[in-house]
Amino acid sequence: MAKKMWAGRFEKATDKAVNDYNSSLPFDCRMYSQDIEGSIAHSAMLAKQGIISQKDADDIREGLLSIKADIESGVLTFDSDAEDIHMFIEEELTNRIGDAGKRLHTGRSRNDQVALDQRLYCVDEAMEISELLDELKTTLIDMAKQHTSTYMPGYTHLQRAQPITYAHYLGAYIEMFSRDIDRLNQAIERTNISPLGSGALAGTTYPLDRKFVADQLGMKDVTYNSLDGVSDRDWAIEFASCMSILMMHLSRMSEEIILYASQEFKFYELDDAYSTGSSMMPQKKNPDVAELTRGKTGRVYGDLMTLLVVMKGLPLAYNKDMQEVQEALFDVVDTIKGALVPFIGMMKTMTIRVDKMEAAALGGFTNATDLADYLVKKGIPFRSTHEISGKLVHYCIENGKSLNDLTLDEFRQYSDIIEEDVYDAISLKTCVGGRTVIGGPATSTVEDYLNNL
């Protein structure tokens, strides 16, 4: 078993069960790149401040870069006896370059080192997720531009309500994902702050240049309270919260994809590459990508709750409980990226059944409100026109007709002011095209909206 860096205080070796329980290397090893990046910046600052020699800093840099190269090539594997990625890299560095490696930790604690690595990792991953969200948003915009005149029913209570366009429907999710991108980018700004220099909890007497390190790492500022610097995990909670909202949006869209791809709707035909079959029923084509996305939403919610519960009762400053933050954070990242890639592919390859959408928009009396509005324009109060329109719908249901199928004589049984122009007034083109209010579904309005994104 490797000697612990902190073993000087202890007379006994750590029990193996405790060592295994305490070790975070199996999961925090993914932060090796961020740990090396932070250590290179820290050593450069130590040399700049005259705390270590420039030669030591150069040796440290070259040693760390060689470790990174060996990890990525597979030449160097992680030592299962190491307590964490930070200790593993420092011990390997010392083995390679000698005493200079022991000087790397000058003016630094694992507490602020861990906090830095986690922030750097979160920023790196959040930026990749932001790029995936941009791709998803662009995919939806491109789809919407092709369907600004494709009519479909809009729903409330999952009942056909009023006609809209498919572009207008997609616009709702474009808005949701736009907010997700904004939230994530704001969270990145608050995460991209360096805690290094906070020490274990009370800083250090060495003349560290904390802002130099932050600049070297591309971070926008430093933390301004050492206690908070090592014990703050708000940024991880905020990231998980942003990702929970994102997953809620993906789950809502997945639910509709599942419905719209069903035989009952037939609005979508999912590409074979993004569907699965049944081991028993040869006719089945299952929307597994959408279903898994819907299911994994609960997993991200669980990670958010883990973070909140871990942090809710911790006294200042660092506590070992905070090691649990890492696995929840990593799981959020893995789940989100694992969902977005196939989800985007599914959206790009699905076939939109325009005929089925328009047939559904014509059925279900989605133009009943427009019939009532038509009568209002003829001078009848809206509450009265609402009743007339409702009675006509009831008549249609009893006789197996749609409003568009009624003869003028049938219309006039309920109001003698109805004229031939009623057919134009309740056509899908008029129903949708007249709703030019900002945010409405009219083709011209939606096209303006899409062109300004």
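Biologist: Which residue just after helix 16 takes a positive phi?

Modeller: Before I answer, please keep in mind that this is a predicted model. The residue is G400, which takes a positive phi of about 65 degrees just after helix 16.

Biologist: Which residue has a positive phi although it is not a glycine, and where is it found?

Modeller: H157 has a positive phi of about 55 degrees, and H157 is found in the loop between strand 1 and strand 2. L158 lies in the loop between strand 1 and strand 2 as well, and its phi, near 60 degrees, is again a positive value in a residue other than glycine.

Biologist: Are H157 and L158 buried or exposed?

Modeller: The cut-off to apply is that a residue counts as exposed when its relative accessible area is over 50%. H157 has a relative accessibility of 75%, so it counts as exposed, and L158, at 54%, counts as exposed too.

Biologist: Where does a cis peptide bond join two residues?

Modeller: The angle to read here is omega, and the bond in question joins L316 and A317, with omega at about 10 degrees. A317 has its place in the loop between helix 12 and helix 13.

Biologist: How many residues does helix 16 have, and how far does it reach from its first C-alpha to its last?

Modeller: A helix can be read by setting its reach against the span expected at 1.5 Å a residue. Helix 16, residues 382-399, has 18 residues and reaches 25 Å, which is close to the expected 26 Å.

Biologist: Which residues of helix 16 are buried, and why can they be said to line one face?

Modeller: The buried residues of helix 16 are T385, I388, S389, L392, V393, Y395 and C396. Seen down the helix axis, these buried residues fall within an arc of 160 degrees, and therefore they line one face of helix 16. On the face turned away from that buried side, helix 16 carries the exposed residues R383, I397 and E398, whereas its buried residues pack against helix 15 and helix 17.

Biologist: Which residues are buried in helix 14?

Modeller: In helix 14, residues 354-362, the buried residues are M357, A360 and A361. They fall within an arc of 100 degrees when seen down the axis of helix 14, so they line one face of the helix. The partners against which these buried residues pack include strand 1, strand 2, helix 8 and helix 19.

Biologist: What does P153 touch, and is P153 buried or exposed?

Modeller: P153 has its place in strand 1, and with a relative accessible area of 1% it is buried. Leaving aside residues up to four places away in sequence, P153 touches R160, Q162, I164, F267, M357, A360, A361 and T366. Separation along the chain is a further thing to read, and P153 and E131, which are 22 residues apart in sequence, are 32 Å apart in space from C-alpha to C-alpha.

Biologist: How far apart are the C-alpha atoms of K348 and D271?

Modeller: They are separated by 9.2 Å, although K348 and D271 are 77 residues apart along the chain. K348 is found in helix 13, and, not counting residues up to four places away in sequence, K348 touches E135 and T139.

Biologist: How much space lies in the largest pocket, and which residues are closest to its centre?

Modeller: The largest pocket holds about 510 Å³ of space, and of its 26 lining residues the closest to the centre are I164, H168, Y169, G171 and A172. Strand 1, helix 8, helix 11 and helix 20 are the elements that each give two or more residues to this lining, and helix 8 supplies the largest share, seven residues. By class, the lining of the largest pocket has 14 nonpolar, eight polar and four charged residues.

Biologist: How does the lining of the second largest pocket divide?

Modeller: It divides into five nonpolar, four polar and six charged residues. The second largest pocket has about 330 Å³ of space, and among its 15 lining residues A261, S262, Q263, K285 and N286 lie nearest its centre.

Conventions
Residues numbered from 1 in each chain as written. Predicted model: local features only at pLDDT ≥ 70, side-chain atom pairs only at ≥ 80, totals over all residues. Heavy atoms only, no water. Helix = DSSP H or I, 4+ residues; strand = E, 2+ residues; numbered from the N terminus. Expected span 1.5 Å × (residues − 1). Buried < 20%, exposed > 50% of the residue type's maximum accessible area, 1.4 Å probe, protein only. Arc of directions from axis to C-beta. Contact = heavy atoms within 4.5 Å. 1 Å grid on protein atoms, 1.4 Å probe; cavity = no way out; pocket = protein on both sides within 12 Å on 5 of 7 lines; lining within 4 Å. Points joined across faces, edges and corners; volume = space filled by probe spheres on them. Nonpolar A, V, L, I, M, F, W, Y, C, P; charged D, E, K, R; others polar.
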